[in-house]
Structures are given as structure tokens and as C-alpha cells.
Amino acid sequence: MAGPADVGPQALCAREPRVPAERLVAEMVPPPRFDSVRFDTYNPDPGQPSQSEAVTVLSGFAAGLGGAHASGGGKRRWFTKKAPVATGPRGVYLDGGYGVGKTHLLASLWHATPAEPALKAFGTFVELTNLVGALGFQQTVQTLGGHRLLCIDEFELDDPGDTVLVSSLLSRLVEQGVALAATSNTLPGKLGEGRFAAADFLREIQGLSAHFRPLRIDGQDYRHRGLPEAPAPFSDEQVTKAAYATEGASLDDFPGLLEHLARVHPSRYGALTDGITAVCLTDVGPVPDQSTALRLVVLADRLYDREIPVLASGVPFDRLFSEEMLNGGYRKKYFRAISRLTALARDAKPLVSQ
């Protein structure tokens with residue numbers, strides 16, 4: 001039987017996935033990293049009462065979605081008349097800083113909502129805009145309009161055009177009785193950046209604000225507790241050897257991968273990694289421009305969601321983005337990508353034989 005060394009690693013650059021619209025919708029579920037989380041696996045900080053309160057409020061919110069769809073039926077309907085909006089807020093906004101468990105709670109809400117998976121959706125803001133790009137606005141409304149719940153993680157307040165697009169989409173969905181839950185980033189240049197963003201979120205979504213109950217979650221970033229420093233990059237030879245020794249690994253040179261990402265729609269980046277157990281990259285260097293950088297952010301998110309280790313040679317991940325990028329309007333995305341790639345680099349360290 002041929003072993004990993006006989007088969008050799010795959011190349012992401014050789015993949016050109018074609019993703020049917022049905023798969024894009026079906027994959028709007030909590031990612032593997034949050035597949036098993038529940039309210040009872042969330043560990044509230046005893047010194048932060050708002051964390052326990054959030055669990056109580058969200059549990060009640062989920063239970064309240066167990067009846068018939070607010071527009072009058074429990075099944076998905078492709079063509080619907082405008083339905084009366086339920087009284088009271090049909091949405092909840094989780095407001096908190098980095099690392100207080102907002103995504104954990106949002107995914108727990110999805111799992112706790114008593115409806116079949118086909119009637120509830122979970123995705124990041126970017127994934128939702130990608131869905132609109134793939135299906136078109138009206139088809140997205142029709143596809144999600146029969147859902148009980150739509151969860152949106154990391155609502156991106158730094159992109160005015162997409163914010164207007166998604167706000168318009170959510171307005172249409174609220175009219176059809178879909179309940180909403182969201183988290184967001186904070187606007188660039190705000191005092192207390194990385195902390196609370198409810199005022200910014202409610203202002204940016206304008207007419208939708210009355211449909212959201214802000215739920216503040218205090219706490220410290222749990223990800224900063226006792227984490228080891230990121231490992232230094234390995235040599236090209238070490239990365240290549242590990243790729244050949246690891247079943248299901250991919251091997252690409254970083255500049256070539258960046259060029260390939262420009263030819264693949266971001267909605268397909270998840271499919272690009274189907275079946276990959278580890279991503280091995282040689283010659284990692286600074287990203288040349290903002291468009292390329294934003295594509296890399298999306299890929300980093302998909303790799304992180306799928307818990308795929310990243311083994312790399314070249315420069316450390318904290319040198320991917322220029323000072324200008326890190327001080328610009330999208331810096332939160334870049335810092336998130338650095339954090340996530342660094343975590344995946346730690347996960348990949350055991351792949352290299354010592």
C-alpha cells in the first residue's frame with residue numbers, strides 16, 4: 001500500500017473548486033471548532049456576572065423560538081407574502097471585547113434553538129455577503145426567509161457598502177419573521193477599541209436597531225491566558241519534508257498561493273481546503289497589497305474554523321502586513337488573521353520531526 005511519501009502532498013494552487021449554491025446554504029452552520037459547544041460548556045467568570053446572565057437570556061431567547069415560524073409556518077417557503085412582525089425584539093446583539101466567548105455563545109444559541117438545521121443559519125458577515133454575491137439579493141431573501149434564526153458572527157462595521165447591503169437583507173428577513181443574533185467588530189479609531197461596540201452597531205444598522213436587544217458581556221480575553229509564544233518559522237526543507245510525511249497535507253509556495261486566491265471566489269475558500277489535514281507553505285513573505293491581504297484574511301478564517309494546522313517557512317506571521325495596513329481601516333481583520341495563523345502555527349509544530 002502506498003504511504004504518504006509515495007502519494008506526495010497536494011497543492012491548493014491546483015484546486016479550482018466549484019461550489020453549488022445549495023452547498024453554500026447548507027454549510028451555514030457553526031464551524032467545526034464550535035460544533036460541540038453548548039451553553040453548559042461555557043464557563044462564566046465568577047467575577048463577571050454579565051457572563052452568567054448572557055447564558056440565561058440566550059437560553060430563554062432560544063426557547064422562545066421553538067414555536068411556529070413568526071410568518072405563520074415552520075417550513076421553508078420560496079415565495080411568501082409580507083408577514084406581520086412579532087412583537088418585541090426579534091434579535092439579540094452580543095456586545096463584548098475580544099475573547100469573552102461571544103462566538104461560543106452565538107453557536108450555543110444556534111444549537112439550542114429547537115428547529116431542524118435547515119431552518120437556522122450561522123455564518124460570518126463575510127460569508128453572508130459571499131452568499132448574496134453567489135445567489136443574488138432576491139434569491140438570498142427567498143432562501144433564508146423561512147428560517148427561524150440567522151446568526152451573524154463578526155458583523156463588519158468597517159465596510160459601509162456591505163453594511164448597507166446586509167442591513168437591507170436583514171430588514172427583509174425580519175419582515176418574514178426571521179429571528180436574528182449578531183456579534184460585531186468595532187469601528188476603526190474608536191476609543192476602547194476591541195471592547196464594546198453596541199452603540200456603533202445599532203447606529204450602523206439604522207432602521208434595524210429596534211429589533212435588537214443589546215446584551216453586554218464583560219470579561220478578559222481568555223485567549224491571552226498562558227498561551228506560549230508562536231513558534232519561529234521553519235526552513236523550506238523542514239516544511240517540505242513534513243508535507244511529504246503528513247497524510248492529507250498540502251504544499252504550496254506562499255506567493256503562488258496568493259496569486260491563486262485572486263482567481264478563486266472567497267465563498268469557495270472553505271471548499272479549497274476540503275480534505276486537507278495540514279497546510280504547508282514555503283517562502284512566506286509580506287503581503288504586497290490590501291486586496292491580497294483581505295483575501296488572505298478570509299483564508300485564515302476558514303483554516304481556523306476548520307482547525308487546519310499551518311506549517312510555514314519564511315517570515316513570522318506577525319510580519320505579513322505592513323505598518324500602513326496595521327494602522328488602517330482594516331487593521332482588526334489583519335490582527336485577527338495574525339492571531340489565528342499564529343495559533344495554527346502552534347498546532348503545526350508537532351508535524352516537524354525533531
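View 1. The structure is a predicted model, in which local features need pLDDT of at least 70, side-chain atom pairs count only at pLDDT 80 or more, and totals for chains, interfaces and linings use all residues. Residues are numbered from 1 along each chain as its sequence is written, and side-chain values use heavy atoms, with hydrogens and water left out. Buried means under 20% relative accessible area, exposed means over 50%, and partly exposed lies in between (1.4 Å probe, protein chains only). Helices (H or I, at least four residues) and strands (E, at least two) are DSSP runs, numbered from the N terminus. Helix 9 covers residues 236-245, and its buried residues are Val239, Ala242 and Ala243. These sit on the same side of helix 9, because they cover an arc of only 105° around the axis. The arc is that of the directions from the helix axis to the C-beta atoms. An α-helix has 3.6 residues a turn, so residues three or four places apart point the same way. The buried residues of helix 9 pack against strand 6 (249-253), strand 7 and strand 8; contact means heavy atoms within 4.5 Å.

**View 2. Pro233 lies in the loop between strand 5 (212-217) and helix 9.** Pro233 counts as partly exposed, at 29% relative accessibility. Not counting residues up to four places away in sequence, Pro233 touches Ala312, Ser313, Gly314, Val315 and Pro316. Asp283 is 50 residues from Pro233 in sequence, and the two are 9.9 Å apart in space, C-alpha to C-alpha.

**View 3. Leu320 and Phe321 touch the most other members of the largest nonpolar core, which has 39 residues.** Helix 10 (254-261), helix 11 (269-272), strand 7 (278-284), helix 12 (290-305), strand 8 (310-314), helix 13 (323-326) and helix 14 (331-348) each supply at least two residues of this core. With eight residues, helix 12 gives the most to this core. A separate second core has 32 residues, including Tyr93, Leu128, Leu180 and Ala197. A nonpolar core is a set of buried Ala, Val, Leu, Ile, Met, Phe, Trp, Tyr and Cys residues joined through side-chain atoms within 4.5 Å. Apart from its neighbours within four places in sequence, Leu320 is in contact with Phe254, Val284, Gly285, Pro286, Val287, Leu296 and Leu341.

**View 4. The axes of helix 10 and helix 12 cross at roughly 95° and come within 10 Å.** Helix 10 is therefore roughly perpendicular to helix 12. Angles of 65 to 115 degrees count as roughly perpendicular, under 35 as roughly parallel, over 145 as roughly antiparallel and the rest as oblique. Axes are lines fitted to C-alpha atoms, for helices over the stretch in contact, and angles run from 0 to 180 degrees between N-to-C directions. Helix 10 makes the contact with Phe254, Leu257, Leu258 and Leu261, and helix 12 with Thr292, Arg295, Leu296 and Leu299. Six of the contact residues are nonpolar, one is polar and one is charged. Here Ala, Val, Leu, Ile, Met, Phe, Trp, Tyr, Cys and Pro count as nonpolar, Asp, Glu, Lys and Arg as charged, and the others, Gly among them, as polar.

**View 5. Pro17 lies in the loop between helix 1 (4-7) and helix 2.** At 14% relative accessibility, Pro17 is counted as buried. Pro17 and Val264 are 247 residues apart along the chain, and their C-alpha atoms are separated by 7.9 Å.

**View 6. Pro30 lies in the loop between helix 2 (21-26) and helix 3 (49-63).** Pro30 has a relative accessible area of 4% and is buried. Not counting residues up to four places away in sequence, Pro30 touches Ala107, Trp110, His111 and Phe122. Thr124 is 94 residues from Pro30 in sequence, with 9.6 Å between them in space, C-alpha to C-alpha.

**View 7. Glu154 has a positive phi of about 60°, although it is not a glycine.** Most residues other than glycine have a negative phi. Glu154 is placed in strand 3 (residues 149-155) and counts as buried, at 17% relative accessibility. Glu307 has a positive phi too, near 55°. Glu307 is in the loop between helix 12 and strand 8 and counts as partly exposed, at 42% relative accessibility.
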